[in-house]
Amino acid sequence: MSTVTSSGTAVVTLPADNQILITREFDAPARLVWKAWTTPELIKRWWAGERGEVISVEVDLRVGGRWRNVMIADGGFEVAFHGEYREIVEHERIVSTEVYEGLPDASSLNTLTLVERDGRTTLTVLAEYPSKELRDGHLESGMEGGMQESLDELEQVALSLAGSN
Amino acid sequence: MARAATTADAFNAVAEPRRRQILDLLAGGEKPVNELVAVLALAQPLVSKHLRVLREVGLVEVRDSGRQRVYRLNARPLKDIDDWVSGYRRWWSGRFDRMDVVLAELKESEDGDEHGDQ
């Protein structure tokens, strides 16, 4: 089995005023990406990326079911996210809401899509805010400060978008 | 579509597709306004309006060349947009790199199961 390393290849674009689109290919079939995305013990291992440690994952994978992830960020503070599943197509698609509990107004609607080809899977997450203003509000508050502050703010916004389920 | 009047920053300026098109054209070299009008197939006042917005946020600069006004791209304000998008990229990249590790282990354990069945 060959493993193609694809570290750092997530592509982030802004297709519309209120949207953020994240795309990444994985060297695994869609059912395994699905499993990693929806199994609590597995989510614990990757969801925080390199920004902390996941301490709690709840997944009630059915339409109307809730999810909630809590992590301890590297700064030592607790960060929690929750949402509700709106649509589930096994191995293909999940539509869910996402709320960063520190900024409850900035909830997004996230659409996860998995497309498998030749044993590899392209994963996309489209995060949609209720308005451009909500998306940009965070942005503007961060840009007024210095570069470091701005990056800290970006991190918070990014955390608020963290769209895993 | 109605749009807010604010053109305070590069984000607002490039939200308009025509203005992104103008930036693309200017990325190929400076151009007089009549050339932009011809390529875009838009009325001159509309092109001038877009150019004014782009100038206000510093994405476009202008100089007089004989009887013409020549426009050129200044990409520096785009860095704000790039910085912002990069914030997301760093976060998601770290997360997905971890997911690669999890997936590799899942694949391995599946292979193990298959061998076990034989």
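Me: Over which ring does the charged end of Arg24(A) sit?
Reply: In this predicted model, local features need pLDDT of at least 70, side-chain atom pairs count only at pLDDT 80 or more, and totals for chains, interfaces and linings use all residues. Side-chain values use heavy atoms, without hydrogens and water. A charge sits over a ring if NZ of Lys or CZ of Arg is within 6 Å of the ring centre and within 35 degrees of the ring normal. At 4.8 Å from the ring centre, the charged end of Arg24(A) sits over Phe26(A).

Me: What kind of aromatic pair do Phe26(A) and Phe96(B) form?
Reply: Rings of Phe, Tyr and Trp (its six-membered ring) pair if their centres lie within 6.5 Å; planes under 30 degrees apart count as stacked, over 60 as edge-to-face and the rest as tilted. The structure holds three aromatic pairs over all chains. For Phe26(A) and Phe96(B), the centres lie 5.3 Å apart with 85 degrees between the planes, so the pair is edge-to-face.

Me: Is Phe96(B) buried or exposed?
Reply: Buried means under 20% relative accessible area, exposed over 50%, and partly exposed in between (1.4 Å probe, protein chains only). Phe26(A) is buried, and likewise Phe96(B) is buried.

Me: How many degrees lie between the planes of Trp37(A) and Trp46(A)?
Reply: Trp37(A) is buried at a relative accessible area of 1%, and Trp46(A) is buried at 0%. Their rings form a tilted pair, 5.1 Å centre to centre, and the angle between the planes is 35 degrees.

Definitions and conventions. Residues are numbered from 1 along each chain as its sequence is written. Chains are lettered from A and ligands numbered from 1 in the order in which they are written.
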